Amino acid sequence: MKHIILMISIFSVQLNASEIDSFTPRYLELEDSTEQINSKTKELIQTAVDESNEKGSCNESYLKRKVWYAMWGHSGEFRTFLSVEGPLDIFREEVRDSVFRTLTTQESPVLVGLSDYSNQLGTIVKIGPYLIGSDKFEHFFGIGYGLYGLHKYAKLHLNPLLSLNDLSDRYIFGGTTTGIISFADKTANFAGIRFYDNLTGSNKDFITGKQKKKPIIECVDDRFVFHTNRFDWKNIIDASWDEAYNCSDFRRATMKDKINEQIQELERSTGKKHNCPLDASKLDKAKEHWGPLSKQLINSRGHGSIRN
């Protein structure tokens, strides 16, 4: 029961996840932050491993909780690292300058309400060729850990997890608050479940049923060993994390029409493609990776709406 309570509390502190505009900065020259983010991630995971080894006897539950806390504790170091105060080449814009600028309060209570206060969207970093919102790391390490806990301790299996993943984004983190149902968020959530489930290689993959041959952390002589050379964000992040490729749905058709109109204006002003999906073929690798789950996690048909 204490594990389930912990998972519910993790979901509750993720409510500050922010939206991003993946279209306006599409051709901005941003520095690729992959290596810097890799380095910081390895540093913090190593800290979690060291603290877990102080407890002794390779306690996997304790290790995974430490990794979650190190990577996405409520006021953790990784959050600051990904913020405008951090060392990365970050893009951040105001709502009034984004593709969301013509939305109404009725369409998007949070985004339009936000514009009356801080007027800032979330931050964006470049990982390889993709523009990734910093909120995706929150989904991966935070919500992913919550869903993993429900899988492990509440015994939720694949189909219930898929349903919960969809319902949480449709009614809690996206649809009800910002009006945006992000398939990229849902993909990052499931990638997070897989990360924690396969972290030490002691479990069979909950999707494929196969054993992880080279986990990033192994128990050797009652101590965890972190194989840093086995971790690279480029092996995790692909086009399905980028909202200009993995297209979002919107709560209302009016939102979809207004945002698409702003994207068309970008195309007229830049002479370049901005419309989602930028290149549907870039999602082929992600579809192969997720197999039959792709229908729930990947949207290559373009922006849609869940009601008129």
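A salt bridge here is a side-chain nitrogen of Lys or Arg within 4 Å of a carboxyl oxygen of Asp or Glu. Helices (H or I, at least four residues) and strands (E, at least two) are DSSP runs, numbered from the N terminus.

A word on what you are looking at: this is a predicted model, in which local features need pLDDT of at least 70 and side-chain atom pairs count only at pLDDT 80 or more, while totals for chains, interfaces and linings use all residues. Residues are numbered from 1 along each chain as its sequence is written, and side-chain values use heavy atoms, with hydrogens and water left out.

Back to our pair. Lys136 counts as buried because its relative accessibility is 0%, and Glu243 counts as buried because its value is 6%. Buried means under 20% relative accessible area, exposed means over 50%, and partly exposed is in between (1.4 Å probe, protein chains only). Lys136 has another partner too: Asp135 forms a salt bridge with it, the closest N and O atoms being 3.1 Å apart. Both Asp135 and Lys136 are buried. Together, Asp135, Lys136, Asp185 and Glu243 are linked in a network of salt bridges.

H6 covers residues 135–152, 18 residues in all, and reaches 24 Å from its first C-alpha to its last, close to the 26 Å expected at 1.5 Å a residue. That expected span is 1.5 Å times one less than the number of residues. H6 bends by about 35° at Gly144, where the bend is the angle between axes fitted to the seven residues ending there and the seven starting there. The helix is mostly covered, with 17 of its 18 residues buried.

Glu265 and Arg268 form one, with their closest N and O atoms 2.9 Å apart. They are about one helical turn from each other because they lie 3 residues apart in H9. An α-helix has 3.6 residues a turn, so residues three or four places apart point the same way. Glu265 is partly exposed at 37% relative accessibility, and Arg268 is exposed at 57%. The count for the model comes to 16 salt bridges.

The strands come next. Two strands pair if DSSP finds at least two bridges between them. S1 (residues 124–127) and S2 (residues 130–133) run antiparallel over 4 bridges, with Val125 partnered by Ile132 in S2. These two strands form a hairpin with 2 residues between them, and Gly128 in the turn has a positive phi of about 60°.

Another hairpin is made by S4 and S5. S4 (residues 217–220) is joined to S5 by 4 bridges, again antiparallel, and Glu218 stands opposite Val225 in S5. There are 2 residues between the strands, and Asp221 takes a positive phi near 55°. Asp221 is exposed, with a relative accessible area of 72%.

S6 (residues 249–250) and S7 pair in the parallel sense over 2 bridges, and Phe250 has Ser305 in S7 as its bridge partner.

Two loops deserve a look. Ser57 lies between helix H2 (34–55) and helix H3 (60–72), and its phi is near 60°, a positive value in a residue other than glycine. Ser57 counts as exposed at 55% relative accessibility. Pro277 is found in the loop between helix H9 (253–270) and helix H10 (284–290), and the peptide bond from Cys276 to Pro277 is cis, with omega near 0°.
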